[in-house]
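Me: I'd like to learn how to read helix packing. Could you walk me through it?

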Amino acid sequence: MFTQNLNRRVFVKKMATSAAVVSAVSLFPGIVFAEEQQVNLTEDNLNWKKAPCRFCGVGCGLLIGISNGKAVAVKGDPRSSVNKGLACVKGYHSVMALYGKDRLKKPLVKKNGVFVETSMKEALDLVASKMSETIKNHGKDAVSIYGSGQWAIPDGYIASKLFKGCIGTNNIEANARLCMASAVTGFMTSFGMDEPMGCYEDIDYANVFVLWGNNMAEMHPVLFSRMLDQRQKRGIKIIDFATRTTRTSNAADKSILFKPQTDLAVANAICYEIIKNNWVNKNFVETNCKFQKGKTNIGHGLTDDFKFKDEPEQIDFDAFKVFLEDYIPEKVEKYSGVAARDIKYMAALYGDPNKKVVSFWCMGPNQHTRGTWMNNLIYNIHLLTGKISSPGNSPFSLTGQPSACGTAREVGTFTHKLPKGLVANEKDRAFAAKIWGVPVENIPDKPTHHTMSMFRALDRGEIKFMWIQVTNPMVTIPNLNRYRKGAEKEGRFIVVSDVYPTPTTDVADVILPSAMWIEKTGLFGNSERRTQFWEQMLTPPGEAMDDGKQLLEVAERLGYGKYFQYSKENYAEEVYNEYTQFHAGKKHGMAPLEVLKKEAGMIWPFVDGKPTKWRFNSKYDPACEKEGFHFYGNEDGKAVIWQRPYEAPAESPDSEYPFWLNTGRVVEHWHTGSMTRRISVLHKAVPNSYVELNPEEAKELGIKNRDRVRITSRRGTIVMLASVNERGVPPRGQVFVPFFDEHFLINELTLDSYCPISNEPDYKKCAVKIEKV
Amino acid sequence: MPIKSYIAYPVDGKRNELIMKIKALDSCELNLAINEEIFIVVTDTFSEDEDKMIYETIVNMPELKHLTLVSGFSDEEISN
């Protein structure tokens, strides 16, 4: 016993050292420790099992140490090609999120405004009866489900099959709409097919990395460490192109700041320079690309009746060249704040035929009222130079959530989507109905509500029942005051499945305690098309039940049990086997379970026992039907170079509200903090949210670090502590607030404008005023 | 018997003195960066009181500019 405890202490001490080393690496990129390589963990008495990390979209492989029915240790999986044995501070502490003191263990039902404990059977009976009653009285489209990019693949699949295939409503959305819908529409409009063509191995080959509004040092720290490692080994360059100075800027070789929204103009100016200097890869463009333009002045989605449909028109290279005359670097400098020489510098990096370039981006270009356009414009640069679909040449859209790709995008948990194809296509509906074993007439042919529209419909009363799983919209929805009031209105019935109490469970009528992560069997899909399997390692606490099983129980009660004939013990695996039928073939074939059980994940398309690391290039992709490049997502095999102009955002600073408000994340906390704020060390590291101010402006306003500051927009007001010259430094005229802290609901201030093509809201730009309290 | 890890930031020019002083404390182990001034301190103490005392001792050293807590494990977490 003594030896066991001693070993445990040695082990924990080494974990603590590892966590500090990882933190230091993110603070001081390139730092080397004398004992860094000696952190070999004691493994006695632990049963190590593999799982993808619970948190971000990087999808690090972890090894979880299990002892006496508890998860007690974590280390990076050295077999995982994603993280090669590394983990970040969230990953190292991830298992502690399972054991928060206020973990939800019993279902709760609201009676006379007070939550009362009940059994899971009774709670699920109530959920099913409320759904039936709502459908009977108000129609199928009065019920909805709002899920997540943190849904495991089987959970999202069951939700889609139940709502679209059985109940017969397209009222299913996921919070991934808030983070990567613009990436999807960017891929679909440029390539006719979703998800990156490259993989993380691009990091090992590229000479230059351009980070577009992407604070990777905090949001994707393990990938950032891999880039820094390459800089030490090969002298690669990192360019941080952003709206504020962050840890990423400090570690980059060059930091270039732009004014919010003007990334559109700078991207066009880079294209202008590439053409002007004859850096266009003419052979590639002539063979593999076509030019198009769409509608302009497309609006911002601010009203409930807003509708938009793009109308693409073919143009030619000469017309595109004329369009770019408006984006001469010297002109763009005037409103972007980016010196013409810096625009030319970036263009020269992309244009140099001897340099391989990766562009990384995430929320900056995606949470943007012209998010689809921004994605198109980054692709334009790579297509003009032919730097795409080959090792080290990659436009790489990163995701934020662990299964935004695997569940939301691939399973298709959106109103317009099916696991393969669109609800609007008869052929796709027939294919889904065949695999699901449901009558094809069940699947409606028209999308209903995207996320913002769904919450607006809840507010108006057209949706009366909403089931929310694995997400916390009462912290994350922009212009939150309106939508919280909507959820609380008489006649709405809200079910929330979660692991901890949150502001969203506060508005629930029924709270269902969920099994979390390794308390169930599941699969996630990460940013590089990698599907990862994990097996159940722990028993969920109390009556907690995994989200998929909750849905299956309700499906049974609604009379749809015959469509869900899976075994209780092994349903996740059986669901995955059913699901993979949708993607069979060379373009999206997924690895079978026996492979995923052995390996630290596998990239799709998985063809003849091998992952396809670079798509659309016949050298690497067996789905290509011609030599060289073949963008087979589009019928003619060509990628689209889009003419997309600069257009102003929905709201800009003025004399009354003179500052831009930008919102985002910090490395220590995962999204709304409902899990990481229960991990004491992460909570202590960043115990509360704050507002970052420009140091000069703070001085002019008489605001010092840690002073209380009131921030007000046209939609709400909040008082929080000032952060001056700490982690991030905004330029003059801008402030930044992290959104992880439910005590400071910054989304009460943000604007519910969105990209009219992707319907993804813009969390990066609205106007506020600042006062010292 | 808590275990904690910190990043220590020495005052300019005082790194070696700070390292010597912390090394002299029974409950501390150090991991030194070889290309930056900062280093890692891991404390392994017998009680919450000793943990507090060791923390106070380190933060009051004049050679220390700043001490950031990174990771902490309580008795309960260690014995789990």
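Me: Is the crossing where H9(A) passes H13(A) left-handed or right-handed?

Reply: H9(A) passes H13(A) in a right-handed crossing; that's the label when the near helix is turned clockwise from the far one by less than a right angle, with anticlockwise being left-handed. Helices here are DSSP runs (H or I, at least four residues), numbered from the N terminus. One caveat: this is a predicted model, where local features need pLDDT of at least 70, side-chain atom pairs count only at pLDDT 80 or more, and totals for chains, interfaces and linings use all residues. Residues are numbered from 1 along each chain as its sequence is written, and chains are lettered from A in the order in which they are written.

Me: At what angle do H9(A) and H13(A) pack, and how far apart are their axes?

Reply: Two packed helices are described by the angle between their axes and the distance between the axes. For H9(A) and helix H13 (residues 340-351) of chain A, that's about 60° and 9 Å, with axes fitted to C-alpha atoms over the stretch in contact and angles running from 0 to 180 degrees between N-to-C directions. That makes H9(A) oblique to H13(A) (under 35 degrees is roughly parallel, over 145 roughly antiparallel, 65 to 115 roughly perpendicular, the rest oblique).

Me: What about H9(A) and H15(A)?

Reply: Helix H9 (residues 263-276) of chain A packs against helix H15 (residues 371-385) of chain A at about 15°, axes 9 Å apart. That makes the pair roughly parallel, and their crossing is left-handed.

Conventions:
Helix = DSSP H or I, 4+ residues; strand = E, 2+ residues; numbered from the N terminus.
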